[in-house]
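Colleague: Please take a close look at the part of this complex where the two chains touch. I would like the contact first, and then what lies around it.

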Amino acid sequence: MRLHPLCALFFSPFFLMAESGITEAFAQGSVHGQIKLFSYDIDKKSAEDAYANALGGFLKYSTDTNNSFYASVRFHTSQPVGSNKNKEDTALFNNDKNAESLTVNSEAYIGWNGKNRILKVGNLMLNTPMMNDDRTRIVPWSYQGFAYTGKATRDTKVQLYHISQIRSHTSDEYKKESASGKIGSGITMLGFNYTGVNSLDLISYYYYAPDLYSTFIAQADYKLVLDSENLLCASVQYFNSGNGGKYAERKNKNGGDDIDLVAVKIGYTAEDWMITLNYSQNFGISGIVKGYGGLSHVFTTSMVANGRGNYKPETWMLKSSYDFPLTKWGQSELAFTFTNTRTKDSRGDDFDAYYMHWRHRYKTDTSLFVRYENLEYKNEKSDVNYLRIIASYQF
Amino acid sequence: MRKNHYLSAVTALFIIGTSAFAAEKTEKVETVKLAGDSLSVSADADSELSANAETIAEAFSKGKVKGLLRYGAQHRDSSYFTIEDSELFVPRGKVQVYSALGGYLGYETAPLFNFSAGATFYTSNPFLGNNSQERAGLGGLAEPEDHDQDSYNVLGEVFLKYQNAEHLVKVGRQEMPNYRFVSLSNIRMTPFTHEGAIYENTSIEDLKVNLAYITQMKDRNAEDFNGMVRSARVKVGRVTDANGDTIKTNIRGKYNPLDYIGDGEYTGSSKSMSMLSALYGQDNWKVEAWDYYVSDFVNTVYLYAQYDIEATDFWKMTLAGQYANQQDIGDSVAGHIDTWFYGLKAQASTTNGMVFFAAYNEVSYNEDSYDSGTLFVRWGTPQMFNSFQVQDSELAGTKSVGIGAQFDLGALDILDSTVIRFRYADYDMPDNLLMIDATADRTEATFDLRYSFSKDQGFGIFTQMDGLSIQLRIAYDDFRTDYDFDAYKAIHGYELSTVNDNFVDARIYIDYVF
């Protein structure tokens, strides 16, 4: 990892603030952490059967974020504990080093707070549709570059990011490589979020990656509030990629230059339960499973099953969840998802999937999360059961 | 050139000394450590007991964070001379450099029923400068074999601790700053940390007893923990003659070659260290006895004594002695080891921040011992009084004399927030032609400067201080290179492959500690 472009910025707080200011910024700093125990079993009727247990979490420190300039650093670690089999398949550890323990610097940035705008430079955790941190393991993805977010008009938020290197969630090294392939000169993202129409959110992103492929995304979210406890929602999203560069692979399931996906979601949310019907159709050959990094934010996403694959999958997904009443022991949530995927290309995988989870929050900082999913393939692929048990404590 | 160095140093000492005696001050200054230069990293060992939390949530919310942001860089102009024949030296300049940004971030919970837990991440990242692969070797960054120096991140501490007024038990990965031969050696970007269990007892007044069982340790720039033999940097170090026969190794006596597969480093089963020590002190004297037992490898006994004399209200004298003995034990995985060293040191300090010292160290020369008696010191900061910036005075047969002076310029009313130190040592090495491990005599002159943005005075070159500070260090190593290699080859049957020439080692640390 090279930080040459960031050199001036790392020490800028020292130059921009007097020593007393620095001391105060650190004295008013905050620390956050998480301890997570993750047990993962991938049950396949073949030699690909895998399981592993991991203990880890993160430690994050930020100087006073109310200052114009501030700094933040975060480390994640995931350590194997107990017995395991094919643990590299669980994506919990460092797959660059024989699935040994993984310790990474996931955030190290200088932030600048302006009026309605913020600029971060360094190692970043992101949350955009095609570049995000994917927190479904212990160690997330992270990105090196800059991220600017600001208000362009009263109702319009603009994001401008440029990413030069990416660290996978199974690596401790920042590389010029995304989940879909090498990125060469990097990825530049321009995003808009318009909230000027009542009950309607309009979102659009454009990822410009000349050496890989570029992607356009548009999404509209409509909410109809019936009363204080009942809500109807409807959303539509569209992904389209093209301009394949020298590193683009059209058939890549994580992303290529032929993504052409439409997704629709309609749902109803009550006080303690919700149900949504999600649909997606990818008319392209390229998949969009991980996009440039993380997990792509497509409506048809379950724990493992999804409609983001390659070879023109059409997916229906019914999602529902129920919140149990709050007790002195905390609150539980039960969820169920059914997925039906059929591909329009003979090279794709057809499957049905059942997913359920039980999540119990003892307090806001302590939770136990049990997730199970069964994938039943319609071709010669063997069926798979996935079980994740995740206990976490945050401070 | 060398005369200019000496002249400058003497002139500076004279000017400072003249100023110092002009006005006496009585402000408290830090007592300078007599051995073991290392930046401190953890306040934990010396911290007062924290108040107990009442719930787990409170233990986490009232915990303490420790952090360091460090820019560190080092440049060493190591001009190796490759000997192509007995008459001609062919210079092959080798510059070693790293320039890095890193530090650590750690968190320890507040104690709950006297139990607490903690974890610390350490990191170092290439930053500015040329950190190419051919410039590697100093250990400030990761040094992979197949590409340039690179960043590393490591979970160096993760521990569970029990502590009350008299007992301390700590289990897991941890910094062990105060166990002499086992310590931090924090002179690059991040320190050594060790894995194991410790117990410290202070229930008897003036006596401290330490017990430790250490299974592994992490090198300064490593991401992995290794056993205590590999961490001691044991190497076969074979030398072959013109017929291809191995005629010399570092290892003497019987050993198992299967323990040294590959590049000659120890690859056998991991060995742990058991450590026991007792420290007893009164107002003006203290004695220490330490034993480090690495199973099937080596046992180290270390004795230390120190006596303070309040000569006047202004002057304080300190006399100290040290002795260590290393013997192989058990399966003797590094062959026969039978060596020792001793040292004597006299130090005079004043209440206004001046320190003058002189020390002598001698190491055994025994060709039946590993590397003819070189001591194993790589579990921490070398403890020899004449362990300077580059030379550690641990090599076989070294007889060293060192002198130095340190000035707290703030306390002396010369320049606030600044401490400087000058040192000079002469290392008389075993260089008789008949000696199989003969090596060149050398001298080292060093200059250190520490500037603090948070304290005006009362600190030393290696004092842990919150806030911003800058440390500059420079050493000039002068090697005697007029050795008779022809005669040596005639006696021992093989050639030395390289010999050092003079070099300069320069370092800078810009630290912000919070």
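Modeller: The contact takes 24 residues from chain A and 24 residues from chain B, where two residues are in contact if their C-beta atoms, placed from the backbone, lie within 7 Å. On the side of chain A that touches chain B, two or more residues each come from α1 (7-16), α2 (19-27), β1 (30-44), β2 (50-62), β3 (69-85) and β4 (102-114) of chain A. Helices (H or I, at least four residues) and strands (E, at least two) are DSSP runs, numbered from the N terminus. The largest share of that side, four residues, is from α2(A). By class, the side of chain A has 14 nonpolar, six polar and four charged residues; Ala, Val, Leu, Ile, Met, Phe, Trp, Tyr, Cys and Pro count as nonpolar, Asp, Glu, Lys and Arg as charged, and the others, Gly among them, as polar.

This is a predicted model, in which local features need pLDDT of at least 70 and side-chain atom pairs count only at pLDDT 80 or more, while totals for chains, interfaces and linings use all residues. Residues are numbered from 1 along each chain as its sequence is written, with chains lettered from A and ligands numbered from 1 in the order in which they are written. The predictor gives the complex an ipTM of 0.88 and a pTM of 0.90.

Next, the cores. A nonpolar core is a set of buried Ala, Val, Leu, Ile, Met, Phe, Trp, Tyr and Cys residues joined through C-beta atoms within 7 Å; buried means that 20 or more other C-beta atoms lie within 10 Å of the residue's own. The largest has 94 residues, and those touching the most other members are A:Leu59, A:Leu92, A:Met131, A:Ile187, A:Tyr207, B:Leu105 and B:Phe121. Strand β2 (residues 89-108) of chain B gives the most to this core, seven residues. Leaving aside neighbours within four places in sequence, A:Tyr207 is in contact with A:Met130, A:Ile187, A:Met189, A:Ser214, A:Thr215 and A:Tyr292.

Chain A as a whole has two helices and 20 strands. Buried residues make up 40% of its 395 residues.

Where pLDDT is low, the predicted coordinates should not be read in detail.

Technical notes
Buried ≥ 20, exposed ≤ 12 C-beta atoms within 10 Å, placed from the backbone.
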